[in-house]
Amino acid sequence: MLSVLVENMGLLCSRNRRYTAADAEENAQTEEIERRIEQETKAEKHIQKLLLLGAGESGKSTIFKQIKLLFQTGFDEAELRSYIPVIHANVYQTIKILYDGSKELAQNEADSTSFVLSNEHKDIGEKLSEIGGRLDYPRLTKELAQEIETLWKDPAIQETCNRGNELQLPDCAHYFMENLHRLSDTNYIPTKEDVLYARVRTTGVVEIQFSPVGEHKKSGEVYRLFDVGGQRNERRKWIHLFEGVTAVIFCAAISEYDQTLFEDEQKNRMMETKELFDWVLKQPCFEKTSFMLFLNKFDIFEKKVLKVPLNVCEWFKDYQPVSTGKQEIEHGYEFVKKKFEELYFQSTAPDRVDRVFKIYRTTALDQKLVKKTFKLVDETLRRRNLFEAGLL
Amino acid sequence: MLSFSTLVDVLFFGLLFKSIINKSLVTCILSLSWSIECGKKRKKMPMFQMQTKLDVNGGGGQVLDLETAVKDGVLGGDVGGLVVYNGVAEKLDLKKMIEELETMEVPSVFICPISLDPMQEPVTLCTGQTYERSNILKWFSLGHFTCPTTMQELWDDSITPNKTLEQLIYSWFSHKYFAMKKKSEDVHGRALDILETLKKVKGQARVQALKELRQLVTTAHSTAKKAVVGNNGVGLISSLLGPFTSHAVGSEAIGILVNLDLDLESKRNLLQPSKISLMVDMINEGTIETKVNCTRLIEKLTNANDFGSENVSSLSLLVGLLRLLKDKRHQNCVLVGLCLLKTICSHESVRKSLVSIRAVPQLVELLPILSNECLELALYVLEVLSAVPEGRLALKDCPHTIPNVVKLLMRVSESCTQFALSILWAVCKLAPDECASLAVDAGLAAKLLLVIQSGCSPVLKQQSAELLKLCSLNYSVTTFISKCKLTRTIQ
């Protein structure tokens, strides 16, 4: 009896061993996978999530490109080339907007003669407007560039340009128009600056991961930066990104206090930014998130504030200019900064007052400035980390 | 002073003096200890006696330490009291030196037992005790004929000038004076060097230079401060502050500036928005020391005139100050924060801003735990806030206002009572029905009666009377008196 048992036991054991052999391999694989998952989750925890938010055309993508240039390998030739169609598209769009604008102003304005082009220019204008209305833009040839330049130099178009705030004229207009010859060259390869000026409406979400190598040269923080589209229809995609964010970089273009939205020509852009900022601040998932407010497009603001008073924007209606020149620019800027500060503290519930909130003056096109500004942002976030870890 | 009884002694003492002149410490100590040993065997040497007389005078200052005295060359090494200074031999005035070295710890044997000041003309009595000539003469002129320290009757009225001690005192002071002058020259030189370095370096080197300069300015004599101020150091350091300055650089720079005397031009320079923004940032995020320094500096800047203080008071600053006040571990933070709040809340816009960031409830809740100094400031601020309608509303809405403020009446000082009264008046005037009962429940009436009966100013008494009347409006006389919880005698 016992021997039978022993024999069978032997059989049983050996059968298990056979199973265990196959199992072992599977187990090993599972273990490997789980280990990897654990590793990655751990690594993810150390990655700080940064969100670039803001209204349309506030400069988010430009900041994104700058970070790419500063802390990653920058743009290689293939990538630079990929921007050529974008730049050419910008050129066509610009001239079309100007031409159509001049026609509209010529019809509606009392002083319409200043917006009327000469006949030959009108022909050029019609042709370019037609090209600009297509979905597919032709390559910018020397001839086309010449025609565009002729049209650009027309006083009526220049006059229309001065009214650019009423049209949806992109901020890169001047820059590209000044550089037409270079852009239309057959062997044209865009420079870094060209790429920074190029305007594409972002749709969806784009991300990069980088590590700012600081003065200390040790492995710095790892950041993952997300760029989003700013227009109203894009904003519903934002909410998916809101969890676990270390810091929100909110871009507000302070030069657009006299402009209206692309998606709604009745709404003032500054008011839109104000409401958007308010909305973002009140989001429940941002309770502990640091807020970095980038008051962007200062270079355009500098020139505009001396010509167009701030109180054309309803939010700034209590502004009183005090002097002229550089002092006035500073005073204007401080006023805008104060308004945003007030907005922040009004929208912040008392339990959130410990949130980090900082305001930076930026010009996204200036690489040095962005680098310096980001260094400060990095310092602040590091300090915040130490503080939260209880080390400060 | 020393008696040469044997040839051996002569030899050893000779060796001693020779080694002193050669400043050879080892030989000197050896010879000294040997001679002390010799001395012990025969009779007590005066030098050795000096060592055993520990702290007879009971004053501060160590007994003259022979080793260091020899090392410093105080015992000999100088020629007849002349100190060679910068190659020029000067006969320094002892009185002047004593004045300048006031803070130094003078050896107790140099101190006159009567005045506890260093002696300039020591004289010895027949008891062997030494005093300052003018002091002991004054003692005698008052009719006493005793030795002040030993209380013995004097058998001999001679006063012997103690030339040795005089020489020693002079030597000691000269040395210390010389050393101090040299050190302060060094400090001056070092400060100038650092300023030069600051013009060139960046990054970590800049932080280090600023750290060292700060060390000099806070510890060394006023020489460092004078050096910095006199060589446009203030302008240089201010120029390092800007929108892109790191906190490391900023905190050191502010640490230096807060210790210096700033003229009007420098203050105006520092009041630029970008520099103030930096300071506000550091108040919000820096270490305790940095926060205190920045707050103090801003207060210094806005204290002089009224200019700029309104512009300085951004919401971020106010929020930062309120955050400072929450720090219970560091009381000096609270004091400094309140000082600045007091200075800037003279502007109406600032008052409104303060109310909007909920300063009123925070201050009210802070009242019970503040020190007396802070209380006066806090009550001042609350009183100022009660002058604006939003402030009054906030005071009324905060449930702890009345109890906390009533407790402070007649507790600390007259001005505190005055502020407290104004606050209570503002609140009760706004909502007499609800506030009056709360106030009376908190014991207001009894306190008001106390004020009226006390030695306070008539204005205060008048205010108290009016407030009392206001509070008693809703009550009948009997209920009111019972609520006052008065003792029978006063009733």
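Me: What does buried area stand for here?

Reply: Buried area is the accessible area that two parts lose on being put together, summed over both. In this predicted model, the area buried between chain A and chain B is about 1,500 Å². Carbon and sulfur atoms give 56% of that area.

Me: What makes B:Asp281 and A:Lys358 a salt bridge?

Reply: The rule asks for a side-chain nitrogen of Lys or Arg within 4 Å of a carboxyl oxygen of Asp or Glu. The closest N and O atoms of B:Asp281 and A:Lys358 are 3.7 Å apart, so the pair meets the cut-off of 4 Å. Across the interface of chain A and chain B, the rule finds three salt bridges.

Me: Which helix gives the most to the side of chain A that touches chain B?

Reply: Helices α13 (325-347) and α14 (367-388) of chain A each supply at least two residues of that side. The most comes from α14(A), with seven residues. By class, this side of chain A has six nonpolar, two polar and ten charged residues.

Me: How do you know that β3 and β5 of chain B pair?

Reply: Pairing takes at least two bridges between the strands. Two bridges join β3 (residues 122-124) of chain B to β5(B), so the two strands count as paired. They run antiparallel, and B:Val123 stands opposite B:Pro161 in β5(B).

Me: Why are β4 and β5 of chain B called edge strands?

Reply: The open sheet has the order β4-β3-β5 (chain B). β4 (130-132) and β5 (160-161) each have a single partner strand, so one side of each is left without a neighbour in the sheet. Helix α6 (residues 133-141) of chain B packs on this sheet, touching β3, β4 and β5 of chain B.

Notes:
Residues are numbered from 1 along each chain as its sequence is written. Chains are lettered from A and ligands numbered from 1 in the order in which they are written. This is a predicted model: local features need pLDDT of at least 70, side-chain atom pairs count only at pLDDT 80 or more; totals for chains, interfaces and linings use all residues. Side-chain values use heavy atoms; hydrogens and water are left out. Helices (H or I, at least four residues) and strands (E, at least two) are DSSP runs, numbered from the N terminus. Contact means heavy atoms within 4.5 Å. Axes are lines fitted to C-alpha atoms, for helices over the stretch in contact, and angles run from 0 to 180 degrees between N-to-C directions. Buried area is the accessible area (1.4 Å probe) that two parts lose on being put together, summed over both. Ala, Val, Leu, Ile, Met, Phe, Trp, Tyr, Cys and Pro count as nonpolar, Asp, Glu, Lys and Arg as charged, and the others, Gly among them, as polar.
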